[in-house]
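Hi,

Here is the structure I promised to pass on. Have a look at it first, and my notes on what turned up follow below.

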Amino acid sequence: MDNAVLGRQGSLGRAHEARSDAVPETPSKPQPMVSPPARRGILPNFRLPDLVFLLGLAAVVLPTMIFVASETWSGEEGAHAPIVLMTGIWLVWAKWPSVRQYVSTPPAWLSGSAIAVMLALFVFTRITQIVEVEGFVMYGAALACVFALVGGKVMRLLAFPLIYLAFVFPLPETIIYAITMPLKIAISESAIALLKALGYPIGGTGVTIQIGQYQLLVAAACSGLNSIVSLSALTTFYIYVRHSDNLRYAAILLLAVLPVAIAANFFRVLILILLTYHAGEATAQGFMHDLAGIFMFANALLLIFLLDMVLQKIGARRKRDAAAQGATA
């Protein structure tokens, strides 16, 4: 028992000696309480006037978007618009955390003048109810409001998503007519020449095709413009996501949209002519007409992806060859 007590006392003594040998701690001065920096969220901190401003912007944007959607999104000329709208909003959302630190307030006279001019044009186009013009003017007014909220530098950093979102709105009919007429004539003449060489009783002038007892008219939907616009929109998004750091490669891939779209629509017209001749006009102009358009557009989009894969393989092979030549030199 005594040994146990002595053992504890000895250990206590050694601990006391260890503590006495240690450097005495100097009392630290009380530090002022500093609150941690507030974490900046993804969403901007809008004040009440900003929220009222956004509500006014929504009152301008929503009626026009409903009008554009009801007039064009159900047809071929606007079938790509919902995809463009969703992917464009996603691009803005994804890039916002990296650009929100550059938010600035532009001069009041500059932003106010831009908004006033665009709203005046918007009121005029809203009265005329021209869907193609109203959509673009409304988008211009929306961009002017965004400029007033975030400034020019943020808009420059978000340039691609903002330009890409313009594909949501259809082109004016005058532009469509000017672009599609040469394409319609070229596609019609090529289809007639090919089928005539294969022995079909076919002829035509301009955009009118006569095969057997049937007469067909190549419309704007079959001329390639809708596919050109849709393919350009989706290909631009694909290029930006995958190849935004290589502008020359992106330009080459984007230039391939025009010949691919024209080739796809040439085969579409060819299929519709053959369906009309062998199965009748009712079959060719019904469900098969829309199915042929969807099928050829899907093939055109797939061809763009395959072209991208081929170009990447060619580029990788050239890099390997150049590296091998540099190693042997």
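Let's start with Thr 87: setting aside its neighbours within four places in sequence, Thr 87 is in contact (heavy atoms within 4.5 Å) with Tyr 164 and Phe 237. Before going further, a word of caution: this is a predicted model, in which local features need pLDDT of at least 70 and side-chain atom pairs count only at pLDDT 80 or more, while totals for chains, interfaces and linings use all residues. Residues are numbered from 1 along each chain as its sequence is written, and side-chain values use heavy atoms, with hydrogens and water left out.

Back to Thr 87, which sits in helix 3, residues 81-99 (helices are DSSP runs of H or I, at least four residues, numbered from the N terminus). Its side chain makes a polar contact of 2.7 Å with the side chain of Tyr 164. A polar contact here is a pair of N or O atoms within 3.5 Å; within protein, one must be able to donate a hydrogen and the other to accept it, and residues adjacent in sequence count only if both atoms are side-chain atoms. Thr 87 counts as buried because its relative accessibility is 17% (buried is under 20% relative accessible area, exposed over 50%, partly exposed in between, with a 1.4 Å probe and protein chains only).

Now the charges. How many salt bridges does a search of the whole structure find? There are 2, taking a salt bridge as a side-chain nitrogen of Lys or Arg within 4 Å of a carboxyl oxygen of Asp or Glu.

- Arg 126 and Glu 134 meet through their side chains at 2.6 Å, N to O. Arg 126 is partly exposed at 29%, whereas Glu 134 is buried at 0%.
- Asp 308 pairs with Arg 242, with the closest N and O atoms 3.7 Å apart. This pair links distant parts of the chain, Asp 308 in helix 13 and Arg 242 in helix 9 (residues 225-243), 66 residues apart. Asp 308 is buried at 0% relative accessibility, and Arg 242 is partly exposed at 45%.

Helix 10 (residues 247-255) is worth a look too: Tyr 249, Ala 250 and Leu 253 are buried there. Seen down the axis, the buried residues of helix 10 fall within an arc of 100°, so they line one face of the helix (the arc is that of the directions from the helix axis to the C-beta atoms). On the other side of helix 10, Leu 247, Arg 248 and Leu 255 are exposed.

Cheers

Terms used:
Helices (H or I, at least four residues) and strands (E, at least two) are DSSP runs, numbered from the N terminus.
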